[in-house]
Amino acid sequence: MRGNASGVEVGDRIEVYGPITIYNGLIQVEASKSGFQGGYIRTVEKSQDIPSPVPLNSSHFAPGAGGK
């Protein structure tokens, strides 16, 4: 969801409901869209610990056994 009108902060666990759209090449959930009613963003828990980033490289995306 774009914008910050929801009051969501870094570390909040949220639940969102609405149609998925593309905005500037990024996937987003729209809480308010013409023809769709009932979308929302809800804070489930405040101030959760944020996991440390996990560095990835191309070997993490190699095909598995059988080429899948």
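Modeller: One term to begin with: contact means heavy atoms within 4.5 Å. Also, this is a predicted model.

Colleague: Fine. Which residues is threonine 21 in contact with, leaving aside its neighbours within four places in sequence?
Modeller: On that basis threonine 21 touches Leu26, Ile27, Gln28, Glu30 and Lys33.

Colleague: And which strand is threonine 21 found in?
Modeller: Threonine 21 belongs to strand 2, which covers residues 20-23.

Colleague: Buried or exposed, threonine 21?
Modeller: Buried, because its relative accessibility is 13% and the cut-off for buried is under 20%.

Colleague: What joins the side chains of threonine 21 and glutamate 30?
Modeller: A polar contact, at 2.8 Å.

Colleague: Changing topic to backbone angles. What is the phi of asparagine 24?
Modeller: Positive, about 50°, and asparagine 24 is not a glycine.

Colleague: Where is asparagine 24 found?
Modeller: In the loop between strand 2 and strand 3, the latter being residues 26-29.

Colleague: Is asparagine 24 buried or exposed there?
Modeller: Exposed: asparagine 24 has a relative accessible area of 68%, and exposed means over 50%.

Colleague: Next, serine 47. What about its phi?
Modeller: Serine 47 is not a glycine either, yet its phi is positive at about 50°.

Colleague: Which segment is serine 47 in?
Modeller: Serine 47 sits in the segment after strand 4, and that strand runs over 40-45.

Colleague: Buried or exposed, serine 47?
Modeller: Serine 47 counts as exposed because its relative accessibility is 61%.

Note on methods
Residues numbered from 1 in each chain as written. Predicted model: local features only at pLDDT ≥ 70, side-chain atom pairs only at ≥ 80, totals over all residues. Heavy atoms only, no water. Helix = DSSP H or I, 4+ residues; strand = E, 2+ residues; numbered from the N terminus. Buried < 20%, exposed > 50% of the residue type's maximum accessible area, 1.4 Å probe, protein only. Polar contact = N/O pair within 3.5 Å; in protein donor to acceptor, adjacent residues only side chain to side chain.
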